[in-house]
Amino acid sequence: MPRLAGIRDLADLGASLRTERERAGATITVCGETGCEASGSRAVIEALQSEVRSQGLEQRVHVRVTGCLGFCEQGPIVIVEPGSIFYCRVNAHDAAEIVGATTREGEAVERLLYTDPMSGGKLRTLSQIPFYRLQDRTLLALNPEVDPRYITDYIAVGGYSALAKVLGEYSPESVVREITRSGLRGRGGGGFPTGRKWAACRAAPDDEKYVICNADEGDPGAYMDRSLLEGNPHLVLEGMLIGAWAIGAQQGYIYVRREYPSAFAHARTAVEQAREFGLLGDYVLGSSLCFDVEVARGGGAFVCGESTALIASLEGKVGEPRPKDVHTVEQGLWNKPTTLNNVETWANVPLIMERGAAWFSQKGTKGSTGTKIFALTGQVRNTGLVEVPMGTPLRTIVFDIGGGAVAGAAIKAVQTGGPSGGCLPVDKFDLPVDFDTLAQAGSMVGSGGMVVMDEHTCMVDVAKYFLTFLQDESCGKWVPCRIGIDRMLEIVTDITQGRGRPEQLPLLEDLADTVRETSLCALGKTAPNPVLSTLRYFRAEYEAHIVEHRCPAGVCRSLIEYSIDPERCTGCGTCLSVCPHGAISGDRKAPHAIDPSACQRCGICAAECSSEAVVLR
Amino acid sequence: MQPHVSLTIDGALVRASRAKSVLDVALEYGICIPHLCHLPHISDLGACRLCIVEHVEDGRSKVTTSCTLGVQEGMVIRTNTDRIRALRRNIAELLVAEAPNSRAIQDIAVRCGVQRVRYPFRNKDCVLCGRCVRVCAEMWDARAIGFVGRGKDRRVDFPFGIRPSFCKQCQSCVQLCPMTMPPCDGPMEPGQERLCGKCEAQLLAAERAPDSCTWCELGVGFDCARYH
């Protein structure tokens with residue numbers, strides 16, 4: 001492929017690719033992303049490809065492997081065009097049927113269609129499914145259309161036209177103005193106005209500048225950035241190119257988390273192909289923009305998602321944050337002005353430049369514009385990626401899109417924002433999800449993780465989980481973060497193990513406040529949020545642990561006891577045979593009993609008992 | 001660029017040369033800000049976070065360490081507000097609970113007004129202030145010791161745990177270590193750790209945490225920068 005020498009070349013290539021697409025027959029789109037791959041999509045892809053080959057349909061049916069389609073719960077997902085027929089939970093041996101139905105226009109494999117949980121009827125297309133219908137998929141809209149491994153797919157759907165528009169019509173200053181006007185705020189967690197960051201970096205007096213894409217996503221239960229970078233890396237790259245034009249940068253880096261091998265591979269392929277097409281390198285599309293990107297890999301440290309730690313890591317130093325009295329937009333990478341944005345922030349940029357700041361700012365709320373992708377996980381029926389306008393109430397996300405709780409248990413809380421965020425109880429579900437409202441409620445939007453918890457979750461245990469995570473991931477450089485988190489964990493562990501004392505709760509709050517105020521980086525400053533928010537909304541649970549020595553959710557092992565109800569026990573002997581600790585005794589056909597001193601409270605007996613005779617107290 | 005700037009620390013207008021940190025300037029003017037990991041002539045890390053101050057900017061005050069904060073024209077700094085005193089006391093309490101067997105840390109706890117320790121004592125040998133690591137790297141250009149590990153596993157060690165030939169055994173690291181001077185009553189046995197608190201009489205009786213430097217003996221244990 002020759003280099004694209006100008007804007008005109010790009011437009012011509014786009015047009016010819018589009019006609020080629022229209023001429024092609026049906027397309028079978030299969031999600032090849034990590035979520036679906038875990039449910040076996042690779043076998044499905046191979047089966048579909050060999051089926052198409054063996055039926056000799058290569059000219060008429062195209063199999064496209066794409067990035068995340070969002071509805072990970074129902075994976076592997078297959079979408080057939082024309083007709084947008086949506087198949088879920090597809091197996092490799094369904095391939096023949098799918099290919100067969102595809103060749104006969106208008107036909108679908110009924111049994112693979114999605115079943116509406118409300119009506120029980122089969123839904124044929126993606127847009128009919130409530131999970132998708134209630135979303136506003138803007139950033140993720142292109143994921144089903146694009147095979148991330150081919151730049152031509154992206155150009156065919158209008159990719160890089162925003163860059164062409166910017167290079168042709170906008171001065172760097174006017175790009176910064178447009179982004180400022182759109183009200184875009186950083187999607188990585190901080191919510192800092194992107195336009196202001198860019199303006200400061202542009203104004204910094206230096207000829208050498210850098211842009212960085214932060215793809216070191218590490219929050220438990222969050223995978224928005226991975227899906228974007230895996231599914232549509234060129235969108236991110238295009239955003240970085242526009243950013244480089246606006247700021248005046250010559251070099252960019254994409255810092256990908258070590259644990260995301262395919263995001264790394266796709267980003268690297270994208271960079272190589274963009275270079276080949278003349279979209280990276282000197283004089284991009286014949287303009288004066290000279291910009292190249294390198295893809296770097298993290299080493300597995302959560303703290304490297306923090307901007308200064310990431311920069312240290314890129315420089316080859318130990319990934320630890322540094323004091324931030326001098327901002328990175330003035331002295332960042334190699335002490336040069338640097339603009340660091342999250343994957344999702346970069347991905348928003350081409351859309352804003354293409355469709356205008358006004359289009360962007362009419363979505364969302366006044367202070368938080370645009371859409372945001374959330375990774376909905378936990379005890380909710382429809383887990384997956386959800387993209388909604390900012391300001392959508394939590395209730396809509398969890399109950400309408402998420403489909404409510406699994407298996408009838410009542411939803412108790414939702415944890416937003418990962419380890420830096422907090423838990424919001426169900427009576428706060430009417431809050432609109434935007435940066436300012438959630439911060440006021442003691443949580444945060446963060447990068448967009450949402451873990452739904454039901455009544456079988458102990459909130460003290462949740463706080464303990466996040467503290468353990470943070471204790472492992474704190475860099476340990478500073479006293480309040482290293483020792484403070486350690487002491488908080490010590491107190492919370494005491495509480496979950498029944499050694500809690502009432503005076504420990506105010507101590508916990510005091511300590512949390514100290515850690516928040518005196519820590520250096522955002523990781524430390526937000527570390528107490530899981531504790532503070534659970535203390536604020538679920539204090540009764542803490543008190544039950546301390547005063548009554550009882551875990552209301554039945555999770556904390558030291559505070560629960562299993563016993564057998566002799567009236568219900570049929571003496572079948574199942575529990576006796578499954579107990580790994582030999583704690584159950586009893587004769588056949590006679591009620592059994594658990595020896596509390598030998599019982600390790602694993603709960604296997606309760607799960608196995610068919611007459612529900614094992615009682616948890 | 002002018003070589004000097006003026007800034008306000010605790011209401012006093014002071015003049016300082018541009019390259020200095022707020023902590024240096026405050027100490028120079030006799031304003032006492034407790035500190036542990038800070039050493040003169042060595043780069044600042046901000047690890048102990050005892051030297052926190054309130055930096056008032058556009059009407060909003062931000063808590064930050066004064067050792068890593070460079071002076072700027074027109075800065076407004078408050079070193080001894082109720083808020084700062086409470087935070088500093090909590091940090092000193094964390095430190096003394098971690099390593100009570102050090103005169104320096106006991107002194108700091110007294111100086112910061114710790115009256116009781118609400119956590120179980122741990123009796124560690126190192127609080128990771130990083131004085132040794134920085135003096136080795138910056139004074140002697142040796143880098144014979146460094147930080148190893150992350151989070152709770154972080155410790156100071158030789159490369160791969162073996163003393164390298166470029167360690168000249170100059171003992172600078174030992175001399176500057178705040179853990180080398182035991183408390184006045186001698187080392188505390190495990191299980192016997194306590195807050196010493198004997199030196200309280202050294203502080204002015206009227207105020208528990210003086211804002212002006214009293215040349216107190218409490219600084220001896222940790223090599224207070226005021227003595228340099």
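Reader: Hi! How does Lys124(B) count by relative accessibility?

Author: Lys124(B) counts as partly exposed, at 34% relative accessibility. Buried means under 20% relative accessible area, exposed over 50%, and partly exposed in between (1.4 Å probe, protein chains only).

Reader: Thanks! What kind of model is this?

Author: This is a predicted model, where local features need pLDDT of at least 70, side-chain atom pairs count only at pLDDT 80 or more, and totals for chains, interfaces and linings use all residues. Residues are numbered from 1 along each chain as its sequence is written, chains are lettered from A and ligands numbered from 1 in the order in which they are written, and side-chain values use heavy atoms, leaving out hydrogens and water.

Reader: And Glu98(B), buried or exposed?

Author: Glu98(B) is buried, at 4% relative accessibility.

Reader: Which side chain meets Glu98(B) in a salt bridge?

Author: Lys124(B) does, at 3.1 Å from N to O. A salt bridge is a side-chain nitrogen of Lys or Arg within 4 Å of a carboxyl oxygen of Asp or Glu.

Reader: Which residues join that network through salt bridges that share partners?

Author: Asp486(A), Arg487(A), Glu490(A), Glu98(B), Arg122(B) and Lys124(B) are joined into one network.

Reader: How far apart are the closest N and O atoms of Arg487(A) and Glu98(B)?

Author: They are 3.5 Å apart, in a salt bridge. That pair crosses between chains, from helix α19 (residues 479-496) of chain A to helix α2 (residues 82-98) of chain B. Helices (H or I, at least four residues) and strands (E, at least two) are DSSP runs, numbered from the N terminus.

Reader: New topic: how many salt bridges over all chains?

Author: The structure holds 48.
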